[in-house]
Amino acid sequence: MNYQVVIPAAGQGKRMNVGKNKQFIELEQAPIIIHTLKVFEEHSNCSGIILVINEQERDVFQKLFNDYHINKIKSIVAGGSERQFSVYNGLQAVDDEGIVLVHDGARPFISHKKIEDLVHKAQETGAATLAVPVKDTIKRVENGVVVETVERSTLWSVQTPQAFIPSLVIDAHHQANKDNYLGTDDASLIERTGKPVSIVLGDYTNIKLTTPEDLLIAKAIMGK
Ligand SMILES: Nc1ccn([C@@H]2O[C@H](COP(=O)(O)OP(=O)(O)OP(=O)(O)O)[C@@H](O)[C@H]2O)c(=O)n1
Ligand SMILES: C[C@](O)(CO)[C@H](O)COP(=O)(O)O
């Protein structure tokens, strides 16, 4: 099943603390965002990429597309002040057919196999996300004191891509905007409308490069 993918890459990378958009940090002679884009460029099931960027970085991205032969870019869309707004802007460029994926530009280690597993599930249920079982014990803390230890067997660490029937995720964004609701992922916007979101087992290597330590892990993953 073919799919389109919206890739939000318009963040500032504050937690990476390198003074620039972390998407441009080089790993093995290519920027992080190129590693991510190449996964979809090289996947025959991907019919088009909608990339969401900071407008001030348009020329930088354009040069990267030329240098690395990224040809599946269907649209380049300006991001917003929050990830949710960036994704919403990207979704406006999506064809209302098939399945749409939303995938963080900061997650370069996604595999074709997991994308295909996810798309298959979204075809069945309308909405699905990759996730992995939590390995640490998770506690709810208030004012530096533990108020609850959450039952670990029910906890999953959610990743991207997340996959949807386009109209479902677009309607959920509209509702969230109307309610002034800000979520940290797109699946939560669907959950809050009462519709089900399925879980598809991801890989622990599908990390989001967020803080400097993640670059050490990324180098190990690439070495593997
Ligand atoms: N306003 C925003 C915020 C985030 N993103 C994108 O959403 C993905 C996940 O966000 P995150 O890892 O938090 O990236 P940043 O927002 O850049 O990081 P930080 O919060 O540390 O500034 C990234 O590919 C990021 O570029 C975006 O397109 N628009
Ligand atoms: C969407 C996400 O990657 C799922 O884990 C995560 O919520 C993004 O969070 P961020 O703070 O915007 O990176």
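**Reading the ligand sites**

Modeller: A backbone N or O atom of R83 lies 3.4 Å from a nitrogen atom of ligand 1. Such a polar contact is a pair of N or O atoms within 3.5 Å. This is a predicted model, with local features needing pLDDT of at least 70 and side-chain atom pairs pLDDT 80 or more, while totals for chains, interfaces and linings use all residues. Residues are numbered from 1 along each chain as written, chains are lettered from A and ligands numbered from 1 in the order written, and side-chain values use heavy atoms, without hydrogens and water.

Biologist: Which backbone atoms lie 3.1 Å and 3.3 Å from an oxygen atom of ligand 1?

Modeller: For 3.1 Å, an N or O atom of Q12. For 3.3 Å, one of A106. The protein covers 89% of the 560 Å² of accessible area that ligand 1 has on its own (Shrake-Rupley method, 1.4 Å probe).

Biologist: How many residues surround ligand 1?

Modeller: A residue counts as near if one of its heavy atoms lies within 4 Å. Here 19 residues surround ligand 1, and the closest are G13, K14, R15, K22 and S86.

Biologist: Which residues are around ligand 2?

Modeller: They are R15, R83, D104, R107, V158, T160, T184, D185 and K208. A side-chain N or O atom of D104 is 2.6 Å from an oxygen atom of ligand 2. A backbone N or O atom of V158 also lies 2.6 Å from an oxygen atom of ligand 2. For a polar backbone atom of T184, the distance to an oxygen atom of ligand 2 is 2.7 Å. Alone, ligand 2 exposes 360 Å², and the protein buries 75% of that.

Definitions and conventions
A polar contact is a pair of N or O atoms within 3.5 Å; within protein, one must be able to donate a hydrogen and the other to accept it, and residues adjacent in sequence count only if both atoms are side-chain atoms.
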